[in-house]
Amino acid sequence: MFTCRNQSCGADWSLADVVIKNEGQGLLFRCPMCGARNYVERHESDDGEVSYEQVVDIKPYGLQ
Ligand SMILES: [Zn+2]
């Protein structure tokens with residue numbers, strides 16, 4: 001579960017709701033509601049299972 005870091009938005013999203021991509025400054029997803037960039041970290045377990053963890057110490061930017 002991810003939470004949009006745009007304080008005026010704050011929408012919750014599951015991994016299936018968002019598109020995670022790298023726009024050059026790390027992995028992020030854009031909030032489908034407000035467009036804010038929300039950073040995530042990619043984790044891969046020993047058996048190759050990929051998961052994403054939201055980075056909460058970077059404020060979103062590029063609000064649209
Ligand atoms: Zn949002």
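Notes on the model. This is a predicted model, where local features need pLDDT of at least 70 and side-chain atom pairs count only at pLDDT 80 or more, while totals for chains, interfaces and linings use all residues. Residues are numbered from 1 along each chain as its sequence is written.

Strands next. I found six strands and zero helices (DSSP runs numbered from the N terminus: E, at least two residues, for strands; H or I, at least four, for helices). Along the sequence that reads β-β-β-β-β-β.

Then the sheet. Four strands form an open sheet in the order S3-S4-S5-S6, with antiparallel pairing (a pair needs at least two DSSP bridges). Strand S3 (20–22) and strand S6 (50–54) are the edge strands, each pairing on one side only. Glu41 stands opposite Glu53 in S6.

Burial. Of the 64 residues, 16% are buried (20 or more other C-beta atoms within 10 Å of the residue's own; 12 or fewer is exposed, in between is partly exposed).

Last, Glu23. I placed Glu23 in the loop between S3 and strand S4 (27–30). Is Glu23 buried or exposed? Glu23 is exposed, because it has 10 other C-beta atoms within 10 Å. From Glu23 to Arg37 I noted 9.8 Å, C-alpha to C-alpha, at 14 residues apart in sequence.
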